[in-house]
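Subject: Handover of a structure and its findings

Dear colleague,

Please find below the structure that I am handing over to you. My notes on it follow directly after.

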Amino acid sequence: MSVPAMDALADALERARLDVRPIDRDALDGIVADAEQAYCVSDGLGAHAVARGTAQAGWKIGLTSRAAMDAFGASEPMVGRLFADAGLGDGARFALASAIAPRLEGEIMLELAQACDPRADEATLLGSIARIWPAFEIADSRIAGWPASVDQAIADNACCGWHVRGPQSALPTEVDLSAASMVMTRDGETVATGSAADCLGGVLGIYRWFLEDSIARGRSLRPGDLVLTGALGPAVPLTEPGRYLMQIDGLAPTELEVAR
């Protein structure tokens with residue numbers, strides 16, 4: 001598909017974000033036919049973010065479990081961008097009216113210390129990570145009914161909406177990145193549970209894949225970049241107000257207030 005068509009799709013997706021009004025899925029037909037085209041559209045959304053004056057805060061890795069990949073017909077995870085103006089603090093108040101069809105996920109967030117060779121041993125991989133944070137991701141889609149395929153999802157910046165960093169971090173060696181469990185509650189009632197073991201190869205396995213993919217796609221990773229490593233359990237549709245609390249083994253509790 002032509003570059004002008006992909007640029008026009010990125011413009012339409014950005015307008016959908018601003019208007020909080022999704023575009024129809026058929027708007028992507030004939031434009032996003034594979035991952036390469038999808039990442040070109042995603043790059044266009046990144047250019048819109050720069051134009052509105054926000055900085056890139058890091059990266060989001062999505063579809064990191066077999067179930068999630070199967071749901072989108074994917075053979076590997078996908079990557080989107082995190083932006084500074086979409087970052088929220090622990091205990092923040094999030095308005096449902098600001099989103100289209102939000103879903104809440106509990107995740108482990110990495111803060112990078114330095115570049116790392118994806119072929120490195122585990123100790124070197126851990127050494128390239130400065131801190132580990134608990135985080136909510138508020139996923140959202142600019143596409144009505146959510147994307148029908150992984151390529152549509154990639155074009156939609158991997159359905160990345162907002163990210164909520166927890167109140168306190170830990171050292172990489174202080175968290176079981178292969179099997180840490182996660183529990184998310186809403187007003188005291190459990191709404192999601194999961195484990196890092198549900199991610200492909202655990203969090204370090206996902207991180208290694210991300211490093212390999214970043215080399216292949218020419219991404220520039222910087223010290224201080226934040227990396228969401230994928231949902232540790234099912235995504236929870238946000239349809240009603242409530243106070244959400246997430247606890248991941250070895251990390252501080254993280255809260256989010258959802259309002260209309």
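How many aromatic pairs does the count come to? The rule takes the rings of Phe, Tyr and Trp (its six-membered ring) and pairs them if their centres lie within 6.5 Å; planes under 30 degrees apart count as stacked, over 60 as edge-to-face and the rest as tilted. The count by this rule is 2 aromatic pairs.

Before the details, a word on the source. This is a predicted model, in which local features need pLDDT of at least 70 and side-chain atom pairs count only at pLDDT 80 or more, while totals for chains, interfaces and linings use all residues. Residues are numbered from 1 along each chain as its sequence is written, and side-chain values use heavy atoms, with hydrogens and water left out.

Aromatic pairs and charges over rings

A pair of aromatic rings is described by the distance of the centres and the angle of the planes. Trp 59 and Phe 210 form a tilted pair, because their ring centres are 6.4 Å apart and their planes stand at 55°. This pair links distant parts of the chain, with Trp 59 in strand β1 (residues 56-62) and Phe 210 in helix α6 (residues 202-217), 151 residues apart. Helices (H or I, at least four residues) and strands (E, at least two) are DSSP runs, numbered from the N terminus. Both Trp 59 and Phe 210 are buried, where buried means under 20% relative accessible area, exposed over 50% and partly exposed in between (1.4 Å probe, protein chains only).

Phe 94 and Trp 162 make an edge-to-face pair, 4.9 Å from centre to centre with 65° between the planes. Phe 94 belongs to strand β4 (residues 92-95) and Trp 162 to strand β7 (residues 160-165), so this pair ties together parts that are 68 residues apart in sequence. Phe 94 and Trp 162 are buried.

Charged groups also sit over rings; the criterion is NZ of Lys or CZ of Arg within 6 Å of the ring centre and within 35 degrees of the ring normal. Arg 165 places its charged end over the ring of Trp 133, 4.7 Å from the centre of that ring. Arg 219 does likewise over the ring of Trp 59, at 5.7 Å from its centre.

Salt bridges

The structure holds 16 salt bridges, each being a side-chain nitrogen of Lys or Arg within 4 Å of a carboxyl oxygen of Asp or Glu. In one of them, Glu 14 is bridged to Arg 52, and the closest N and O atoms are 3.3 Å apart. Glu 14 is in helix α1 and Arg 52 in the loop between α2 and β1, 38 residues apart, and the pair thus links distant parts of the chain. Glu 14 counts as buried because its relative accessibility is 6%, whereas Arg 52 is partly exposed at 32%.

Arg 217 forms a salt bridge with Asp 213, with 3.4 Å between the closest N and O atoms. These two residues lie 4 residues apart in helix α6, so about one helical turn separates them. Arg 217 is partly exposed, with a relative accessible area of 29%, and Asp 213 is buried, at 8%.

Arg 222 and Asp 225 meet through their side chains in a further salt bridge (3.1 Å, N to O). Here Arg 222 is partly exposed, at 41% relative accessible area, while Asp 225 is buried, at 2%. Salt bridges with shared partners also join Glu 14, Arg 17, Arg 52 and Asp 85 into one network.

Position of Ile 31

Ile 31 is found in the loop between α1 (3-19) and α2 (35-51). Why does Ile 31 count as buried? Its relative accessibility is 13%, and therefore Ile 31 counts as buried. Its C-alpha atom is separated by 9.8 Å from that of Ala 8, a residue 23 residues apart from Ile 31 along the chain.

Yours sincerely
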